[in-house]
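Work through the exercises below with the sequence and the model in view, and try each task before reading its solution.

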Amino acid sequence: MTLSITFLKKNIFKTFRKKVVKIHLGNIKDVELDSDYDDGSYTYRVSLVFKSHNNNGHYVPLTNYYSSGKKGKEKIVSCIKSFLKIDD
């Protein structure tokens, strides 16, 4: 049995356009905390990084947006890496 993760991606401007993306967990190379700086503060989101170039330009963010709360997102990165047995 191969484990996989499935994403339902929606276009925020055209909500009727949806795409289901299925990714095998073995293709995940890393989990990263992305950051964005705007208006004097940082915001963050968690992204999956892939071994192959076939999956959405090497990575898929888990959310379409950045938000505050770096420590909580660092914990999510750590938990996912632990589950997938990815070394820091």
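Buried means under 20% relative accessible area, exposed over 50%, and partly exposed in between, with a 1.4 Å probe and protein chains only. The model is predicted, so that local features need pLDDT of at least 70 and side-chain atom pairs count only at pLDDT 80 or more, while totals for chains, interfaces and linings use all residues. Residues are numbered from 1 along each chain as its sequence is written, and side-chain values use heavy atoms, with hydrogens and water left out.

**Exercise 1.** Classify Tyr42, Tyr37 and Tyr44 as buried, partly exposed or exposed.

*Solution.* Tyr42 has a relative accessible area of 46%, so this residue is partly exposed. Tyr37, at 51%, is exposed, whereas Tyr44, at 13%, is buried.

**Exercise 2.** Decide how the rings of Tyr37, Tyr42 and Tyr44 are linked.

*Solution.* Rings of Phe, Tyr and Trp (its six-membered ring) pair if their centres lie within 6.5 Å; planes under 30 degrees apart count as stacked, over 60 as edge-to-face and the rest as tilted. This rule gives 2 aromatic pairs. The ring centres of Tyr37 and Tyr42 are 4.7 Å apart and the planes stand at 55 degrees, so this pair is tilted. For Tyr42 and Tyr44, the centres are 6.4 Å apart with 20 degrees between the planes, and the pair is stacked.

**Exercise 3.** Describe the setting of His58.

*Solution.* Strands are DSSP runs (E, at least two residues), numbered from the N terminus. His58 lies in the loop between β4 (41–50) and β5 (59–61), and its relative accessibility of 34% makes His58 partly exposed.

Note on methods: Helix = DSSP H or I, 4+ residues; strand = E, 2+ residues; numbered from the N terminus.
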